[in-house]
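This report describes a protein model for a reader who has not seen it before. The sequence and structure are shown first.

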Amino acid sequence: MTGRVLAGYLAKLLAVLVLVSILTFLLLELIPGDPLATLLPEGATPEMRAAAAERFGLDGPVYERYLEWLGAALQGDLGRSMQSQIPVADAILERLPVTLELAGLSILVALLVALPIGVYAGYRPGSLADRIITVICSVTLSIPSFLLGVLLVFVFAVTMHALPVTGWTPLSGGLGPHLRSLVLPVVTLAAIEAVAFIRLLRNDMSATLQQDFVLSARARGVPTRRILFVHALRPSAFSLLTVLGVAMGRLIGGTVIVESLFALPGLGSLVLSAINSRDYLLVQGIVLVVAVGYVLINALVDMAYPLLDPRVRTS
């Protein structure tokens, strides 16, 4: 990627981030109701309302408040929670590692399961194993994540007593108990993602194996394992890489149900609590962090394409 192309790409990325910040800020303006109503007692005087609006940055024209909010956000200041009065950035940083670990481990487990299965299914399309894999994937996709989580809890926690039902053990409490508290939520999330990865990789691998360069490698006597995992896997991973970025961004911001089901102290449970308590500034800060993270993850995915195919670098 040349300097000129990189500069253009970074300019577009910056424009997207600015647009995300504007939409996130306007979120507070579009929410029905009065954000101050949950803070002030009934019959609050205009002076009390003015003081509360000034304290939480809700006074003044919209454009001025946006510029002030953006300047503070760039310095890591997302305001204070309207309920607990603690800095929003501190509340997010306290919960973010849990969500990142949950999302990262879920993606890792999904890839470890999907890569060998998807490659084999693409190598043997129409075989008995391929048909069995297709049926299992279809059944798994039809099960909502919360229902899958409940089933896993019933089997492994309630019936077999092999894993804890709910709760979170930090790493400081020991590696074993920490991983035990993560097994069921990670499997719940990874199962759905793995199925999507398998189906995508199976179709792309099946098409790639019909390409001339693969047929040429076979004619030269290259071992099948090398053909599958060296020659064919990389060009078959474009769609997988795209979906991987989308899945990672979705998991960071969309683990509300799973975190609530397993009582994990992550961003999902935090935003649910903030919504229930109408803590608008906390919701706004979480939305901004998740949205920016989603954009940056997808930007990294776009920049990774040339590593998979030199033709992208040339173009």
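The model is predicted, and local features need pLDDT of at least 70, side-chain atom pairs count only at pLDDT 80 or more, and totals for chains, interfaces and linings use all residues. Residues are numbered from 1 along each chain as its sequence is written, and side-chain values use heavy atoms, with hydrogens and water left out.

**Overall make-up**

The protein has 14 helices and zero strands. Helices (H or I, at least four residues) and strands (E, at least two) are DSSP runs, numbered from the N terminus. Of the 315 residues in the protein, 37% are buried. Buried means under 20% relative accessible area, exposed means over 50%, and partly exposed lies in between, with a 1.4 Å probe and protein chains only. A contact is a pair of heavy atoms within 4.5 Å. Taking contacts between residues at least 6 apart in sequence, 75% join residues at least 24 apart.

**Nonpolar cores**

A nonpolar core is a set of buried Ala, Val, Leu, Ile, Met, Phe, Trp, Tyr and Cys residues joined through side-chain atoms within 4.5 Å. The largest such core has 33 residues, of which Leu102, Ile107, Leu184, Phe197, Met248 and Phe262 touch the most other members. At least two residues of this core come from each of helix 4 (88-123), helix 5 (128-141), helix 6 (145-159), helix 7 (175-208) and helix 10 (238-253). Helix 7 supplies the largest share, nine residues. Apart from this core lies another, of 18 residues, including Leu78, Leu96, Ile286 and Leu288.

Leaving aside neighbours within four places in sequence, Leu102 is in contact with Leu182, Pro185, Val186, Leu189, Thr255, Glu259 and Leu264.

**Helix 5 and helix 7**

Two packed helices are described by the angle between their axes and the distance between the axes. The axes of helix 5 and helix 7 come within 9 Å and cross at roughly 140 degrees. Axes are lines fitted to C-alpha atoms, for helices over the stretch in contact, and angles run from 0 to 180 degrees between N-to-C directions. The two helices are therefore oblique to each other; angles under 35 degrees count as roughly parallel, over 145 as roughly antiparallel, 65 to 115 as roughly perpendicular and the rest as oblique.

On the helix 5 side, Asp130, Ile133, Cys137, Thr140 and Leu141 meet Ala191, Ile192, Val195, Ile198, Arg199 and Arg202 of helix 7.

**Single residues**

Valine 301 is in helix 13 (residues 280-308). With 10% relative accessibility, valine 301 counts as buried. Not counting residues up to four places away in sequence, valine 301 touches Leu241, Thr242 and Gly245. The C-alpha atoms of valine 301 and phenylalanine 238 are 9.6 Å apart, while 63 residues separate the pair along the chain.

Most residues other than glycine have a negative phi.
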